[in-house]
Amino acid sequence: MTTDKSRRRDFRKAKSRIAVSVGESVRIMREFQELTQAELAELTGIPQSTISAIERDRINLGVERAKALARALRCHPSVLVFPGWDVSNESAA
């Protein structure tokens, strides 16, 4: 019989394989929701050209756009704004 303790001992934390930019996180979440840039633009009121520029990391996402995109993509804004943030590497303040 396997115990919780032995399961935890066998657990290995997943390693990050790639770094994801803010723009890439927006694109990944958009594609996960099976939306085109045009459909996302319609849902958010953000022009498709701006969404394209965000996804290519040409312009900053910004707080208001992050909120609008997060609502449309059904995720928390931090998923888009801090895609590579690792809380375990942060010092306790």
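So, what covers the buried residues of helix 3? Before I get there, a word on what we're looking at. This is a predicted model, where local features need pLDDT of at least 70, side-chain atom pairs count only at pLDDT 80 or more, and totals for chains, interfaces and linings use all residues. Residues are numbered from 1 along each chain as its sequence is written, and side-chain values use heavy atoms, with hydrogens and water left out.

Okay, helix 3 runs over residues 37–44; helices here are DSSP runs of H or I, at least four residues, numbered from the N terminus. Its buried residues are Gln37, Leu40, Ala41 and Thr44, buried being under 20% relative accessible area with a 1.4 Å probe, protein chains only. They sit on the same side of helix 3, because they cover an arc of only 105° around the axis, taken from the directions from the axis to the C-beta atoms. Over on the other side, Glu42 and Leu43 are exposed, so over 50% by that definition.

Back to my question: the cover includes helix 2 (22–32), helix 4 (48–55) and helix 5 (63–73).

Let's take helix 4. Its axis and that of helix 3 come within 8 Å and cross at roughly 115°, with axes fitted to C-alpha atoms over the stretch in contact and angles running from 0 to 180 degrees between N-to-C directions. The two helices are therefore roughly perpendicular, meaning 65 to 115 degrees. Gln37, Ala38, Leu40, Ala41 and Thr44 of helix 3 meet Gln48, Ile51, Ser52 and Glu55 of helix 4, contact being heavy atoms within 4.5 Å.

Note on methods
Angles under 35 degrees count as roughly parallel, over 145 as roughly antiparallel, 65 to 115 as roughly perpendicular and the rest as oblique.
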